[in-house]
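Subject: Handover of a structure for your review

Dear colleague,

Please find below the structure that I am passing on to you, together with its sequence. A summary of what was found in it comes after.

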Amino acid sequence: MSVFKPEKSLWIYHLNTGSCNGCDIEILAALTPKYDAERFGVKLVGSPRHADIIVATGPVTAVAKESVLRVIDQVPEPKAIVVVGVCGITGGVFRGGYSIAGPLDTLVPVDVYVFGCPPKPEGIMVGILKAAEVLELKRKGVYQKDVVKITETGGVL
Ligand code: SF4
């Protein structure tokens, strides 16, 4: 697979919308020296105001919904949103539950889905790099909405 080389560092904000933490642990694994996301310029930031890409997990609980939307709104445009894990994509095992207000793409536009429960760090890395491609198209003003789907091991569907 050819690897997209972003022109700029990718500052990501990790947003847990109510996940079981399984996907979140895999995101952290992708940032550790073993997978070394930093070699692509991927940097975790503590404020959405500093981020280019949101990496979201979980089905969006009703309690979290307002905070989730506020955080996403704080990320400057253009931005890209990656949803990690089937709970974030379809609601997963939480779908239809009384406490669920998502999935996220019913509330805001999502650019990349990474399937799996949870996906592997390799899949998350590919998802972030695909989001970087989307971001570059948005910056150039030539983006045409087309959700990118990534398998749990990093294959492009
Ligand atoms: S997709 Fe699986 S690992 Fe990820 S939040 Fe849902 S239940 Fe947890």
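The notes below go from the overall fold to the core, the ligand shell and the backbone.

Please bear in mind throughout that this is a predicted model.

Overall fold

The chain contains four helices and six strands. Read from the N terminus, their order is β-α-β-β-α-β-α-β-α-β. The C-alpha trace extends over about 45 × 30 × 30 Å along its principal axes. A compact globule of 157 residues would have a radius of gyration near 15 Å, and the chain, at 14 Å, therefore agrees with that expectation. Buried residues account for 43% of the 157 residues.

As to annotation, an unreviewed UniProt entry assigns residues 20-130 the feature "domain: NADH:ubiquinone oxidoreductase-like 20kDa subunit". Over residues 20-130 the chain is 32% helix and 14% strand, with 25 Å between the end C-alpha atoms.

In soluble globular proteins, nonpolar side chains tend to be buried together. The largest nonpolar core here has 46 residues, and the members that touch the most others are I53, I54, V55, V82 and I128. Two or more residues of this core come from each of strand 1 (10-16), helix 1, strand 3 (53-57), helix 2 (65-74), strand 4 (80-84), helix 3, strand 5 (112-114) and helix 4 (121-140). Helix 4 makes the largest contribution, with nine residues.

Leaving aside residues up to four places away in sequence, I54 touches Y13, L15, I72, V75, K79, I81 and V82.

Ligand shell

Which residues are closest to the ligand? They are S19, G22, G85, C87 and C117, out of 13 residues that surround the ligand. Helix 1 (22-31) and helix 3 (86-90) each provide at least two residues of this shell. By type, the shell comprises seven nonpolar residues and six polar ones, with no charged residue.

Backbone features

Most residues other than glycine have a negative phi, and most peptide bonds are trans.

Two concern cis peptide bonds. The bond joining G102 and P103 is cis, with omega at about 10°, and P103 is located in the loop between helix 3 and strand 5. The bond from C117 to P118 is also cis, with omega near -5°; P118 belongs to the loop between strand 5 and helix 4.

D36, in the loop between helix 1 and strand 2 (42-44), has phi near 55°. V60, in the loop between strand 3 and helix 2, has phi of about 65°. Are these two residues buried or exposed? D36 has 13 C-beta neighbours inside 10 Å and so counts as partly exposed. V60 has 28 such neighbours and therefore counts as buried, the threshold for burial being 20 or more.

Yours sincerely,

A colleague

Note on methods
Residues numbered from 1 in each chain as written. Predicted model: local features only at pLDDT ≥ 70, side-chain atom pairs only at ≥ 80, totals over all residues. Near = placed C-beta within 6 Å. Nonpolar A, V, L, I, M, F, W, Y, C, P; charged D, E, K, R; others polar. Core = buried A, V, L, I, M, F, W, Y, C linked by C-beta atoms within 7 Å. Buried ≥ 20, exposed ≤ 12 C-beta atoms within 10 Å, placed from the backbone. Contact = placed C-beta atoms within 7 Å. Rg over C-alpha atoms; globule rule 2.2 N^0.38 Å. UniProt positions renumbered as here; feature names shortened; annotations may be inferred.
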